[in-house]
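Good morning, and thank you for coming. I would like to walk you through one structure, moving from single residues to the arrangement of the whole chain.

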Amino acid sequence: MIVGGAFLVSALLVIVSPGPDSALVVHRVIRAGRRAPAYLTMAGILTAGALHATLAIVGVAGLLDRHPGQLTALRWAGALGLFCWGAVILTTTARTRPASPAAGTAPPRSTVHPYWQGVLCTGTNPKVGIFLLAFLPQFVPAGAPPGRAMAVLAAVHLGLAAVWLAALTETAYRLRRRVDRPGVLRTVELATGVLFMGFAVRMALVS
């Protein structure tokens, strides 16, 4: 199966759109001053994305879409998680300061492993599965087995997401090293916390 250019362009436009996953990866780089936590978070995001894709392919996401009450409950649970995450970021930033590799400051420890942060961030967002269920079938070639074709498209989508998040991690890391000023870093973290809370409100209110 050959993946068409229309799918690649559409997938890239979706992937590069601002969202909780990108915000979380940037936050991990800014907070720790290192790449490793961001890459672990990225692995968690992709794991949850693969799970969402699998559920979409087997039709579970469609089942949720046909039962609005269950989908609403999951959406509110995900929104609550994002809102709490934003509140934690704001509280932690107010109490501590980001790591400074240049000054030898040790990165602050998180109570949740970066990998599981990524899993929770994407895994608690049911709209990911619903989106994939609506998005992938549009690009299944005529005559191709739907399940297999959607699996290939999902794999390509996740691969593109991995490339984007890795590029975002490297860009944030380089900027982090150039702008190693506590005031600027604190402002970025506070903005990230507010952004997470904004994503939570959007997830809760937009059906």
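**A walk through the model**

Let me begin with Val156, which is partly exposed because its relative accessible area is 25%; buried means under 20% relative accessible area, exposed over 50%, and partly exposed in between, with a 1.4 Å probe and protein chains only. Val156 is found in helix H8. Its C-alpha atom is separated by 9.5 Å from that of Phe7, 149 residues apart along the chain.

A word on the basis of these values. This is a predicted model, in which local features need pLDDT of at least 70 and side-chain atom pairs count only at pLDDT 80 or more, while totals for chains, interfaces and linings use all residues. Residues are numbered from 1 along each chain as its sequence is written, and side-chain values use heavy atoms, with hydrogens and water left out.

Now the chain as a whole. How many helices and strands are in the protein chain? There are 9 helices and 0 strands; helices (H or I, at least four residues) and strands (E, at least two) are DSSP runs, numbered from the N terminus. Along the sequence the pattern therefore reads α-α-α-α-α-α-α-α-α. The protein chain has 207 residues, of which 38% count as buried. It exposes about 10,800 Å², and carbon and sulfur atoms supply 69% of that; accessible areas come from the Shrake-Rupley method with a 1.4 Å probe, and for residues only the protein chains shown count as cover. Taking contacts between residues at least 6 apart in sequence, 86% join residues at least 24 apart, where contact means heavy atoms within 4.5 Å.

I turn next to a pair of helices. Two packed helices are described by the angle between their axes and the distance between the axes. For helix H2 (residues 20-32) and helix H8 (residues 146-178), the axes come within 9 Å and cross at roughly 35 degrees. Here the axes are lines fitted to C-alpha atoms, for helices over the stretch in contact, and angles run from 0 to 180 degrees between N-to-C directions. The crossing of H2 and H8 is right-handed: a crossing is left-handed if the near helix is turned anticlockwise from the far one by less than a right angle, and right-handed if clockwise.

Which residues meet there? From H2 they include Val25, Val26, Val29 and Ile30, and from H8 they include Leu168, Thr169, Ala172 and Tyr173. Ser22 counts as buried because its relative accessibility is 13%. Leaving aside neighbours within four places in sequence, Ser22 is in contact with Trp164, Leu165 and Leu168.

Ser22 and Met42 are 20 residues apart in sequence and 9.1 Å apart in space, C-alpha to C-alpha. Ala162, which lies in helix H8, is 120 residues from Met42 along the chain, with their C-alpha atoms separated by 7.3 Å. Not counting residues up to four places away in sequence, Ala162 touches Met42 and Leu46.

Side chains of opposite charge can pair when their charged atoms come close. The structure holds 1 salt bridge, that is, a side-chain nitrogen of Lys or Arg within 4 Å of a carboxyl oxygen of Asp or Glu. Its partners are Arg35 and Glu170, at 2.9 Å, N to O. Arg35 lies in the loop between H2 and helix H3 (36-58) and Glu170 in helix H8, so the pair ties together parts that are 135 residues apart in sequence. Arg35 is partly exposed at 32% relative accessibility, and Glu170 is partly exposed at 22%.

Two further residues bring in other helices. Tyr115 lies in helix H6 (residues 114-123) and is partly exposed at 23% relative accessibility. Tyr115 and Ile45 are 70 residues apart in sequence and 7.8 Å apart in space, C-alpha to C-alpha.

I close at the surface. Trp76, Phe83, Val201 and Leu205 form a nonpolar patch there, with about 420 Å² of accessible area together. Patches are made of residues with over 30% relative accessible area and no salt bridge: like charges are joined within 9 Å, nonpolar side chains (Val, Leu, Ile, Met, Phe, Trp, Tyr) within 5 Å. Helix H5 (68-95) and helix H9 (182-205) each supply at least two residues of this patch.
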